[in-house]
Amino acid sequence: MSASTSGGGGLSPQAAAALQEGIGLVFARWTALQMAVENEWGGRDSRAKADRLAADVLSFFTTSKGPYYFDDLEEMMFDNISEFFNADFEDGSVGEVAEQVLIMHEECLQNNYSSIEKLRNTRAQANAVSQSRMVPICMPILL
């Protein structure tokens with residue numbers, strides 16, 4: 001995937017805000033990252049470290065003019081995960097997340113927020129599903 005790039009040019013303030021939201025939504029669904037936070041692999045401030053990772057990913061796009069290479073983003077994310085959580089996510093998820101963020105960035109450059117909107121909508125559905133799982137499926141039979 002080293003050839004994957006996201007074009008140069010700056011994000012408008014609206015696009016940068018949308019990308020920030022999209023990164024947050026993707027990170028909230030990232031199982032390996034959420035496990036690292038919940039199990040405090042980075043210590044008591046694991047949530048803050050996950051937030052910093054998200055801020056660093058956003059900064060990757062907002063502090064330089066690009067081009068933005070998949071390999072550079074993925075490497076930065078691996079390095080931060082290693083530093084923040086003393087962990088290596090070897091499940092392929094770092095690459096998947098990096099690719100998804102690059103796609104969102106490219107869409108935001110074109111004022112296209114459809115993938116972020118889709119994440120917003122699936123978030124609402126996921127919350128409904130997780131809440132429904134709290135209801136017991138089998139009830140004991142009382143005689």
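Here are some friendly questions and answers about this predicted model.

Residues count from 1 along each chain as its sequence is written, and side-chain values use heavy atoms, leaving out hydrogens and water. Because the model is predicted, local features need pLDDT of at least 70 and side-chain atom pairs count only at pLDDT 80 or more, while totals for chains, interfaces and linings use all residues.

User: In which order do the elements of the protein run from the N terminus on?
Analyst: Helices (H or I, at least four residues) and strands (E, at least two) are DSSP runs, numbered from the N terminus. The protein has six helices and two strands. Written from the N terminus on, their order is β-α-α-α-β-α-α-α.

User: What share of the 143 residues in the protein is buried?
Analyst: A residue is buried under 20% relative accessible area, exposed over 50% and partly exposed in between, with a 1.4 Å probe and protein chains only. For the 143 residues of the protein, the buried share is 36%.

User: Among contacts between residues at least 6 apart in sequence, what share joins residues at least 24 apart?
Analyst: Contact here means heavy atoms within 4.5 Å. Among contacts between residues at least 6 apart in sequence, the share that joins residues at least 24 apart is 72%.

User: Are H1 and H5 roughly parallel or roughly antiparallel to each other?
Analyst: Axes are lines fitted to C-alpha atoms, for helices over the stretch in contact, and angles run from 0 to 180 degrees between N-to-C directions. Helix H1 (residues 13–29) and helix H5 (residues 93–109) pack at about 160°, with axes 10 Å apart. Angles under 35 degrees count as roughly parallel, over 145 as roughly antiparallel, 65 to 115 as roughly perpendicular and the rest as oblique. H1 and H5 are therefore roughly antiparallel.

User: How many nonpolar, polar and charged residues does the contact of H1 with H5 have?
Analyst: In H1, the residues that meet H5 include Ala15, Leu19 and Phe27, and their partners in H5 include Val97, Val101 and Cys108. For the classes, Ala, Val, Leu, Ile, Met, Phe, Trp, Tyr, Cys and Pro count as nonpolar, Asp, Glu, Lys and Arg as charged, and the others, Gly among them, as polar. The contact of H1 with H5 has 10 nonpolar, three polar and no charged residues.

User: Is Leu19 buried or exposed?
Analyst: Leu19 sits in helix H1. Its contacts, not counting residues up to four places away in sequence, include Leu58, Phe61, Val101 and Ile116. At 0% relative accessibility, Leu19 counts as buried.

User: Is the pair of Trp30 and Phe89 stacked or edge-to-face?
Analyst: Rings of Phe, Tyr and Trp (its six-membered ring) pair if their centres lie within 6.5 Å; planes under 30 degrees apart count as stacked, over 60 as edge-to-face and the rest as tilted. A search of the whole structure finds six aromatic pairs. The rings of Trp30 and Phe89 have centres 5.7 Å apart and planes at 90°, so the pair is edge-to-face.

User: How many residues apart in sequence are the parts that Trp30 and Phe89 tie together?
Analyst: Both Trp30 and Phe89 are buried. Trp30 lies in the loop between H1 and helix H2 (31–38), and Phe89 in the loop between helix H4 (70–85) and H5, so the parts their pair ties together are apart in sequence by 59 residues.

User: Which residues do ring pairs link into a cluster?
Analyst: Trp30 and Phe89 are both buried. They belong to a cluster linked by ring pairs, whose members are Phe27, Trp30, Trp41 and Phe89.

User: What relative accessible area does Phe61 have?
Analyst: The rings of Phe60 and Phe61 have centres 5.1 Å apart and planes at 90°, so this pair is edge-to-face. Phe60 is buried, with a relative accessible area of 18%. Phe61 is buried as well, and its relative accessible area is 3%.

User: Is Glu40 buried or partly exposed?
Analyst: Glu40 is in the loop between H2 and helix H3 (46–62). Although Glu40 is not a glycine, it has a positive phi of about 55°. At 46% relative accessibility, Glu40 counts as partly exposed.
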